[in-house]
Amino acid sequence: MSATTPADSPRALAWRRRRQALVDVWRAYRTTPAGLVGLAGLVLFVLVALTSPLLVTADDLSVIRAPYEPYQPPAAAYPLGTDNFGRSLLDLVIWGSRISLTVGFLATLVSVALGSLVGIVAGHFRGWAGVVLMRVTDWFLVLPTLVLAVALAAVLDRSTFTIVLAIGVTAWPTTARLVRAQTLAVEARPYIERARALGGGHVHVMVRHVLPNVMPLVLAQTTLLVASAIIAESTLAFLGLGDPTTVSWGAILQDARRAGAVSSGVWWYLLPPGLAIALVAMAFTLCGRALEVVLNPRLRERR
């Protein structure tokens, strides 16, 4: 018998199976029209955010060197109109996508990481440790998320990091409960017993066996949470709890409220950032729902 080649090693075989699984997921995802629409919209928003430093200059954002007259309706030079300082709202929306998307992604990362950790540990240790973790989760779950986020943002310094932290530490309970339920289902399978019989410890079982099996659920939950995080960031910025030195979609709405755009009938000051928030939230939601259908066999059977 020939010696085992590196290509035939267990690690290589495992990576090969994972790559094939990703290919299968993409093939199934391509059959969901709504998912493709959401993905196209998401790619567009990300490209706009990444290229915003090339499209918008410092003078375009300056309230002192604003290039246009204030409160101008949409025109060829400024397709979305101007704000109360004379800045183009198109430039503000493009630049604001950087902060809104960054906060959405980072807050979701914090929330998913914390929720996955609590859920896996609570599902693996079913004694008093699991009970305590789930009671803490239930306590966070019954609290109004927005009220708790507002309280944290009001106590801490007004910065982008504060917004990320406030959203991340208040949005994890739902992920924790979902991951715990999936962990209980995974640990009931026979290969988990075999892994323990062969000497696998708690960390080995949770990291090598449980975590890969709950990742599809975590991925679908992530896409749904990003939309909620972007809306929460916009809400906190609209309430005046964001970083006053940064431009985000919520901050633009807050500036419009302060400038009296609602009572003055300056609709073009309110519509672009609000529409951007709605569209990016819809794109992430469509992607998340499509992933749920692809990764959940029961939902696939109903299509």
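These are my notebook entries on what I looked up in a predicted model of one protein chain.

**Ground rules.** I number residues from 1 along each chain as its sequence is written, and side-chain values use heavy atoms, with hydrogens and water left out. For this predicted model, local features need pLDDT of at least 70 and side-chain atom pairs count only at pLDDT 80 or more, while totals for chains, interfaces and linings use all residues.

**Confidence.** I looked up pLDDT, the predictor's confidence in each residue, from 0 to 100, and found a chain average of 84, with 93% of the residues scoring at least 70.

**Overall build.** I found 14 helices and zero strands in the chain, where helices (H or I, at least four residues) and strands (E, at least two) are DSSP runs, numbered from the N terminus. Taken along the principal axes, the C-alpha atoms fill a box of roughly 80 × 45 × 40 Å. I noted that 39% of the 303 residues count as buried; buried means under 20% relative accessible area, exposed means over 50%, and partly exposed lies in between, with a 1.4 Å probe and protein chains only. Looking at contacts (heavy atoms within 4.5 Å), I saw that residues 24 or more positions apart account for 69% of those with a separation of 6 or more.

**Annotated spans.** The unreviewed UniProt entry carries the annotation "domain: ABC transmembrane type-1" for residues 97-288; UniProt positions are given in the numbering used here, feature names are shortened, and annotations may be inferred rather than shown by experiment. In the model this span is 83% helix and 0% strand, and its end C-alpha atoms lie 20 Å apart. The unreviewed entry also annotates "transmembrane region" at residues 36-56, 99-124, 136-155, 214-239 and 275-295. I checked two of these spans: residues 36-56 are 95% helix, with end C-alpha atoms 29 Å apart, and residues 214-239 are 96% helix, with end C-alpha atoms 36 Å apart.

**Nonpolar cores.** I then asked which residues touch the most other members of the largest nonpolar core. In this core of 34 residues, they are Leu101, Ile230, Trp249, Ile252, Tyr269, Val280 and Phe284, a nonpolar core being a set of buried Ala, Val, Leu, Ile, Met, Phe, Trp, Tyr and Cys residues joined through side-chain atoms within 4.5 Å. Helix H2 (33-55), H4, helix H10 (202-238), helix H11 (249-258) and H13 each supply at least two residues of this core, and the largest share, 11 residues, comes from H13. Apart from this core lies another, of 12 residues, among them Val103, Ala107, Ile167 and Ala229. Returning to isoleucine 252, I listed its contacts as Leu89, Leu92, Val93, Val247, Tyr269 and Pro273, not counting residues up to four places away in sequence.

**Aromatic rings.** The structure holds seven aromatic pairs; rings of Phe, Tyr and Trp (its six-membered ring) pair if their centres lie within 6.5 Å, and planes under 30 degrees apart count as stacked, over 60 as edge-to-face and the rest as tilted. One of them is the edge-to-face pair of phenylalanine 105 and phenylalanine 284, at 5.7 Å centre to centre and 75° between the planes. This pair links distant parts of the chain, 179 residues apart, from helix H4 (residues 89-124) to helix H13 (residues 267-295). Phenylalanine 105 is partly exposed, with a relative accessible area of 38%, whereas phenylalanine 284 is buried, at 3%. Tryptophan 139 and phenylalanine 140 also pair edge-to-face, at 5.0 Å centre to centre and 85° between the planes, and Trp139, Phe140 and Trp172 form one aromatic cluster.

**Charges over rings.** I found arginine 98 over the face of tryptophan 95, at 4.4 Å from the ring centre, and arginine 257 over the face of phenylalanine 238, at 5.9 Å. Such a charge sits over a ring if NZ of Lys or CZ of Arg is within 6 Å of the ring centre and within 35 degrees of the ring normal.

**Tyrosine 71.** Most residues other than glycine have a negative phi. I noted that tyrosine 71 has a positive phi of about 55° although it is not a glycine. Tyrosine 71 is found in the loop between helix H3 (58-61) and H4, and it counts as partly exposed at 31% relative accessibility.
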